[in-house]
Amino acid sequence: MDTFSSLMDGFGHALTPTNLLFAAIGVLLGTAIGVLPGIGPAMALALLLPVTYAFDPTGAFIMFAGIYFGGMFGGSTTSILLNTPGESAAVVAAIEGNPMARSGRGPQALAAAAIGHFVGGMIGTILLVLLAPLVAGLAVGIGAPDYFAVMVLAFVAVTSVLGSSRVRGFASLAIGLAIGLVGLDPLTGSQRLTFGIPQLADGIDVVIVAVGIFAVGEALWVAAHLRRTEQEVIPVGQPWLGSDDLRRTWKPWLRGPLIGFPFGAIPAGGAEIPTFLSYVLERRLSRRRDEFGKGAIEGVAGPESASSASSAGTLTAMLTIGLPTTATAAVMLAAFQQFGIQPGPLLFQRESQLVWTLIASLFIGLVLLLVLNLPLAPVWAKLLRIPRPYLYAGILFFACVGAYAVSGQPVDLIVLLVIGVIGFFMRRYGLPVLPAVLGVILGPDAELQLRRALQIADGDWLTLVSTPLAVIVYLAILVLLLVPIARKFVKRPEKEREPADH
Amino acid sequence: MVTRTEPERAAPKRGARAWTAIVAAIAALLLIPPLIGSLSGGTDGTQLRGLRFLVPNAPGGGYDITARTAAKAMEDSGVSGSIEVFNLPGAGGTVGLGRTVNESGNDRLVMSMGLGVVGSVYTNDSPATLADVTPIARLTQESEIVVVGKDSQFKTIDQLIAAWKANPGGVPVGGGSSPGGPDHLAPMLFAKAAGIEPKAVNYIPYDGGGELLAAVLGNKVAFGTSGISEYRDQIEAGELRVLAVTAPERVEGIDAPTLKESGVDMEFTNWRGIVAPPGLDANQTRELVDAFVALHDTPEWKEALERNGWTDAFLPADRFGTFLAAENDRVAKILRELGLA
């Protein structure tokens, strides 16, 4: 096949000064948009659509691709430094990245995230080049029963991040699931927990929940304790990744795309679930499991790599079958249509030059982003040296801007504060915050897929195990559940002997 | 102690300066493109000035693209000065509708809307209704299609109707809109006209045309109902087979009969239009209507229709009002039958 020569041809077209400029503008804008919570790449692209109409399509799409990847890069910056995720895919980065930043390893966390995005994006884009036709065929074969099985897997995996106390973990998960219920029932259209407020009918945006629980909750918590605790000075470590860090991160960087790419390519995948699965996987595989929750660099590297790879997967599905799997891809699809180009099965034949130039520009954009973000890491990290009252005032300001930007409704600010207060009390009573955010993301999806599967099968429960993929996933879940139990049985005799000796 | 205070003091200053610079940079990046956009309007004295365009769904959605395209054509052709397009999404468009109704007497605000908002008023139990607003113009319409994947067992619409009648529950119908939206109303009206109880229809909502496409291509649903423009390419590539179109006439480039030809007495199109707040006097209304009549005649708008694959369906003021009332009754009736209104 002449894939390689087409790609080289694409590089030839992408490496013109004008197109490089578009790529640079795209990555800069994308990074800025990613940093601000609430303003996601989808909204940015939609607002830029009328402006780009005057450009030629190639330039416009190179810029859009830059914004898309740039948003992913930028989203993790505020997650790590300020515990305020800029995008829902960057929630996981806050879990390990923020403790790292607070112990003076901010630059390392940011670098691990940036390189993770770079590696994930590169591998994802290479997979896009190699697997595009294959992925397109497989993606449409995946139905509601398969999705539900994957959701169950995600829930089971979540229980391992419930924290030290199972009861508190499940309580937190329940809070998240309840928040996820708010809005119109997706199948029947009846209202749930909306209290007659029309703005709640579309549900509560995950970004608002994440920013509320992480950032506002944290700010309230700090405010409640600031007077009594000594102001610790955040130590400034070395600005670069050490060889020990590299030894710990290269495997997560490479594993991330294996989870992220397939999820991006399937219709109901997106970037959130693979980042969580990658986090859980790294936690299980790590030899320093005790460091997780306190700033383990693997927990930043893996998920960030997965999130970028999922973006590449999303583009694969959009270019090859015209299937937008995320909101951003849907806007890009609209953009293609504005230029009179219809992504789908005929795109690679009809607009071959445009497509390969776009793919080449993805590689160029990733290099630009790495060049932009790596040197910035130590600079960003200096933000944390702002005294805490000012720092948290700034965080609250950005949290509110972000929540308001999601849809421009004052009601969202009230929701943000209410969730912030919930976040405060969760900290007060030692509830881990991660399961709550997971509940908001996974709960509605799992419900929708389960009900959709049953509805399609006209109420037959056996449909849930009717596809090979679903069966494989359930078997994997069984193994996950049985292994710890089996291990306990094997180990118990030894442990029982020990006290007997004494 | 003394040596310690100095770096501690210096650090915040440096940090604060970097902070300001970052904020300024981000603000500049985000604000400059819209500013350039808003400065490019014409300056003719006779044109409409200070018009604001409310979009009741999120950026990138159908009403959004309609509004932004219309606004740009009005600015470029000099029909209007610069127009501010803003989004107020929520509850299927009824949050925006509520705002429009509240702006009673404001003759410088218009809202883009369509059939979806008619249904949402009922499913969301909205206190503001379309009877309250001032209809300005219907702009475009689009036929819905009854579509299956290329491997589907259904080759003709008659086969599908026979199988559907025999076992409505076993023929899941997919659509890209939530209950009350166009893709939901189309199969319900279709079923009713074909003699199937709408309540028995097994409708499965997907999150937009993209997710529905995967379900139809993968034969996860027996058939799908969707707008035509989203799927033209897949139809041309032979991945999708159109069994029928819901418009009163056949659609150019689509090799499929109308439902009417197939013996189902039903016609249905998804349309989009413009409404304004209530409480406008005749002069104020005429000024807005005239602006959209002028828009309809501009080459910019004609070109935009072609580019987006929209069918022109212009209906000004009162005629749009009559149409809107008829659509409202039809939607209300079917949703009441389904227990949704």
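Helices here are DSSP runs of H or I with at least four residues, numbered from the N terminus. With that in hand, welcome to this predicted model.

**Ile259(A) and its surroundings**

- Ile259(A) counts as buried because 26 other C-beta atoms lie within 10 Å, and the cut-off for that label is 20 or more.
- Leaving aside residues up to four places away in sequence, Ile259(A) touches Pro274(A), Leu277(A), Ser278(A) and Ala306(A).
- The chain also brings Gly302(A) into this region: its C-alpha atom is 9.6 Å from that of Ile259(A), although the two are 43 residues apart along the chain.

**Helix 9 and helix 10 of chain A**

- Helix 9 of chain A covers residues 243–265 and helix 10 of chain A covers residues 272–285; their axes come within 9 Å and cross at roughly 145°.
- The crossing of helix 9 of chain A with helix 10 of chain A is right-handed.
- On the helix 9 side, the contact is made by Pro252(A), Arg255(A), Gly256(A), Ile259(A), Gly260(A) and Phe263(A).
- Helix 10 of chain A answers with Ile273(A), Pro274(A), Leu277(A), Ser278(A), Leu281(A) and Glu282(A).
- Sorted by class, the residues of this contact between helix 9 and helix 10 of chain A are seven nonpolar, three polar and two charged.

**Where chain A meets chain B**

- Contacts between the two chains involve 57 residues of chain A and 57 residues of chain B.
- On the side of chain A that touches chain B, at least two residues each come from helix 2 (17–35), helix 3 (41–52), helix 12 (327–338), helix 15 (388–407) and helix 17 (434–456) of chain A.
- Helix 3 of chain A gives the largest share of that side, with eight residues.
- The side of chain A that touches chain B is made up of 36 nonpolar, 16 polar and five charged residues.

**Chain B as a whole**

- Chain B contains eleven helices and ten strands.
- Of the 341 residues in chain B, 49% are buried.
- Among contacts in chain B with a separation of 6 or more, 77% join residues 24 or more positions apart.

**Helix 9 of chain B**

- This helix runs over residues 282–297 of chain B, 16 residues in all, and spans 22 Å from first C-alpha to last, close to the 22 Å expected at 1.5 Å a residue.
- Its buried residues are Leu288(B), Val289(B), Ala291(B), Phe292(B) and Leu295(B).
- Viewed down the axis of helix 9 of chain B, the buried residues fall within an arc of 150°, so they line one face of the helix.
- In an α-helix there are 3.6 residues a turn, so residues three or four places apart point the same way.
- Ala282(B), Asn283(B) and Asp297(B) are exposed on the other side of helix 9 of chain B.

**Two loop residues with positive phi**

- Leu193(A) is not a glycine, yet has a positive phi of about 50°.
- Leu193(A) sits in the loop between strand 2 (191–192) and helix 8 (206–225) of chain A, and is partly exposed, with 14 C-beta neighbours inside 10 Å.
- Asn219(B), also a residue other than glycine, has a positive phi near 55°.
- The loop between helix 7 (208–217) and strand 7 (223–227) of chain B holds Asn219(B), which is partly exposed, with 17 other C-beta atoms within 10 Å.

How values were computed: Residues numbered from 1 in each chain as written. Chains lettered and ligands numbered in written order. Predicted model: local features only at pLDDT ≥ 70, side-chain atom pairs only at ≥ 80, totals over all residues. Axes fitted to C-alpha atoms, helices over the stretch in contact; angles between N-to-C directions. Left-handed = near helix turned anticlockwise from the far one by under 90°. Contact = placed C-beta atoms within 7 Å. Nonpolar A, V, L, I, M, F, W, Y, C, P; charged D, E, K, R; others polar. Buried ≥ 20, exposed ≤ 12 C-beta atoms within 10 Å, placed from the backbone. Expected span 1.5 Å × (residues − 1). Arc of directions from axis to C-beta.
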